[in-house]
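Morning, everyone. Please have the sequence and the structure open while I talk. I'll take a sheet, then a pair of helices.

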Amino acid sequence: MGEVKLIGAHGSIFSARVEWALKLKGVEYEFLEEDLKNKSPLLLKYNPVHKKIPVLVHGDKPIAESLVILEYIDETWKENPLLPEDPYQKAMARFWAKFADEKCLMGAWGACIAEGEAKEKAVESTLESFAFLEKEIEGKEFFSGDEIGFQDLSMGWIILWLNVFEQVGDIKLLHKFPSLSEWSQNFLQIPVIKECLPPREKLVDYFTASVAYMRSLAAKKD
């Protein structure tokens with residue numbers, strides 16, 4: 001079906017979810033590590049619009065944006081389907097994946113870099129968003145049911161990256177949500193998921209530097 005390449009970065013939340021999908025589907029691919037501080041001509045060629053990772057290249061055809069890539073993978077390789085067949089359930093999976101990215105992931109990152117009163121407000125807002133995910137996962141092993149699927153992959157950052165955000169930003173989020181915590185442990189036990197996790201220490205170093213940089217920019221604006 002054509003050669004498959006993934007332009008990404010080990011440590012990237014968005015690259016990881018694409019790798020997970022490829023591995024679950026049994027798709028052979030070449031991983032091309034991207035230096036985000038010195039973007040390669042290959043990345044600029046295949047994603048000239050956003051100039052961001054990940055980019056899936058299938059038979060020289062590029063697909064950008066991780067959630068879009070997940071859908072492409074699911075439609076191209078039919079084994080181990082990620083999205084449900086029912087149109088309503090499929091729409092809901094897309095809805096919650098987008099919600100988790102925009103409200104939970106970005107909220108957690110915002111709470112991580114904020115300080116003082118702004119941090120308190122960011123944490124409160126993020127907890128409100130996580131409460132919706134808690135309700136969504138209650139009574140289920142995975143968001144997609146008995147097997148992991150599109151929603152689980154899209155929210156996989158919770159199992160490692162969120163913990164790093166909590167440490168680096170001195171915040172607490174996940175402990176308030178027992179069902180979500182249990183889901184993260186179930187998800188983490190899947191061998192394919194573990195294979196693509198970067199070393200935690202490297203993530204801590206990376207995000208510690210990122211938080212310091214973002215806070216310095218904010219200080220200059222004040």
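Start with the sheet. This is a predicted model. The sheet is open and has four strands, in the order β2-β1-β3-β4. Their pairing is mixed.

Which strands stand at the edges? They are β2, residues 30–33, and β4, residues 61–64. Each has a single partner strand, so one side of each is left without a neighbour in the sheet. On average, neighbouring strands here are turned by 20° against each other, direction ignored.

Now look at β1, residues 4–8. Four bridges join β1 to β2, and the two run parallel. For a landmark, find Gly-8: Glu-33 in β2 stands opposite.

Next, what packs on this sheet? Helix α1 does, residues 13–25. Helix α1 touches β1, β2 and β3, with β3 spanning 55–58. The direction of α1 makes about 160° with that of β1.

On to the helix pair. Two packed helices are described by the angle between their axes and the distance between the axes. Here the partners are α4, residues 87–113, and α10, residues 200–221. Their angle is about 70°, and their axes lie 9 Å apart. Angles of 65 to 115 degrees count as roughly perpendicular, so that is what α4 is to α10.

Which residues make the contact? From α4, take Trp-109, Cys-112 and Ile-113. From α10, take Phe-207, Ser-210, Val-211, Met-214 and Arg-215. By class, the contact of α4 with α10 has six nonpolar residues, one polar and one charged.

That's the tour. Over to you.

Notes: Residues numbered from 1 in each chain as written. Predicted model: local features only at pLDDT ≥ 70, side-chain atom pairs only at ≥ 80, totals over all residues. Heavy atoms only, no water. Pairing = 2+ DSSP bridges. Axes fitted to C-alpha atoms, helices over the stretch in contact; angles between N-to-C directions. Contact = heavy atoms within 4.5 Å. Parallel < 35°, antiparallel > 145°, perpendicular 65-115°, else oblique. Nonpolar A, V, L, I, M, F, W, Y, C, P; charged D, E, K, R; others polar.
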